[in-house]
Amino acid sequence: MGYPIAVSPETGSSADRKEVLPRRGLLFNIQRFSIHDGPGIRTTVFFKGCPLRCRWCSNPESWHDHPEIATYAAKCTRCGRCQKVCPVNAIAVSDRERTIDRQACNLCLKCGEVCPTGAIAITGQWMTVAEVMKEVEADGLFYVNSGGGVTLSGGEPLAQWEFALDLLRECQAKAFHTALDTCGYALWEVLDKVLDYTDLVLYDIKHMDPGRHTEGTGKTNGLILDNARRTAAKRRTWLRVPLIPGYNDSVENLEAVARFGLEIGAEKVSLLPYHVWGQSKWERLGRKYPLEALPMPPESWAGECRKVIESLGLKATVGR
Ligand code: SF4
Ligand code: SF4
């Protein structure tokens, strides 16, 4: 986990990707009619694989670059099919419940394939560019009428940068506006190539202080800030800040974000207020949510944070 994208053992190397022909991308969602991921009505394509481990992550199913299993206890009828097919005896079904020993699980996914109710679901689907484009093109008229388009998000799209590039190129060939939502933790050479087919960049800034950035995400921010400068010099850029109470919402940090945005020529800062919708996803993946005890701030909170940024002369919005 010590490397930026394109050389990371976790996210896979360029050579690894070329072994899969025709090239396919591992996605965990395609969300139509999205209004929070760039201008207008958009289709957001969510990639699996991410080099960061944000403690507030609302899409923890995006972290790994392989399919995995998510569980929905309320849907389980305790039929026992999953237990029968599990090759490593990781599943136990009793009169009361079905449990999975995730240490023993080898991710063969057989349980997800046989479960009749969706109580075990497979997260992550390999798709070709043509398959994704079929979904994207269905909403082409909405993009035109609303000034929208297609956004690549995740996870981190650059974790599968060659597939991202192919997809963006295909979208632009159809005259669809393209946006890239990125954490920026990638080799510049990779990001630079992908930007050639990107109209707008939604560039995530979690914290301006390197130490605090590492605390929250597992990685420091030097490379991310360097790439942000080069990105904004090349493409329209909106900075995106996931607003986490007590972590990055201090006046000092928000002012630092605003000054950085002004310095690099970002068009605006999008503030994305903290929410707990992702918590159940952590549990379904067998992980413990680290921010369980975090109190929700008052409703006026995000607006106050917006004012701090705008007071320095940079546009800021809440929620998109
Ligand atoms: S196959 Fe699905 S419904 Fe049946 S016991 Fe397993 S998880 Fe529950
Ligand atoms: S994915 Fe894991 S729990 Fe499910 S059948 Fe395979 S080894 Fe067993």
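I began with the lining of the largest pocket, which by class has 16 nonpolar, 14 polar and 8 charged residues. For these classes I counted Ala, Val, Leu, Ile, Met, Phe, Trp, Tyr, Cys and Pro as nonpolar, Asp, Glu, Lys and Arg as charged, and the others, Gly among them, as polar.

Before going on I noted that this is a predicted model, in which local features need pLDDT of at least 70 and side-chain atom pairs count only at pLDDT 80 or more, while totals for chains, interfaces and linings use all residues. Residues are numbered from 1 along each chain as its sequence is written, chains are lettered from A and ligands numbered from 1 in the order in which they are written, and side-chain values use heavy atoms, with hydrogens and water left out.

**Confidence**

I looked up pLDDT, the predictor's confidence in each residue from 0 to 100, and found that the protein averages 92, with 93% of the residues scoring at least 70. Over residues 5–18 the pLDDT is below 50, and this stretch has 39 contacts in the model beyond near neighbours in sequence, a contact being heavy atoms within 4.5 Å.

**The largest pocket**

I read a pocket as an open set of points on a 1 Å grid over the protein atoms alone, with protein on both sides within 12 Å along at least five of seven lines, whereas a cavity is a set of points where a 1.4 Å probe fits but cannot get out; lining residues have an atom within 4 Å of a point. Grid points are joined across faces, edges and corners, and a volume is the space filled by probe spheres set on the points.

The largest pocket holds about 1,100 Å³ of space. It is lined by 38 residues, and Ser 58, Asn 59, Arg 240, Leu 272 and His 275 are the closest to its centre. Two or more lining residues come from each of strand S1 (24–34), strand S9 (177–182), strand S11 (236–243) and strand S12 (268–273), where strands (E, at least two residues) and helices (H or I, at least four) are DSSP runs numbered from the N terminus. S1 gives the largest share of this lining, 4 residues.

**Cavities and ligands**

I then searched the whole structure and found 4 cavities of 30 Å³ or more. The largest cavity has a volume of about 90 Å³, and among its 13 lining residues Cys 86, Ile 91, Cys 105, Cys 108 and Cys 111 lie nearest its centre. Its lining has 12 nonpolar, 1 polar and no charged residues.

Ligand 2 sits in the largest cavity, in the sense that more than half of its atoms lie within 2 Å of the grid points. Around ligand 2 I listed residues with a heavy atom within 4 Å of it, including Val 88, Ile 100, Asn 106, Leu 107 and Leu 109. This shell divides into 9 nonpolar, 1 polar and no charged residues.

The second largest cavity has a volume of about 80 Å³, and ligand 1 sits in it. Of the 13 residues around ligand 1, Cys 76, Cys 79, Cys 82, Arg 98 and Cys 115 come nearest, and the shell has 7 nonpolar, 3 polar and 3 charged residues.

**Backbone**

Lastly I checked the backbone, where the peptide bond from Gly 154 to Gly 155 is cis, with omega near 10°. Gly 155 lies in the loop between strand S8 (149–153) and helix H6 (161–173). Phe 33, a residue other than glycine, has a positive phi near 55°, and its place is in strand S1.
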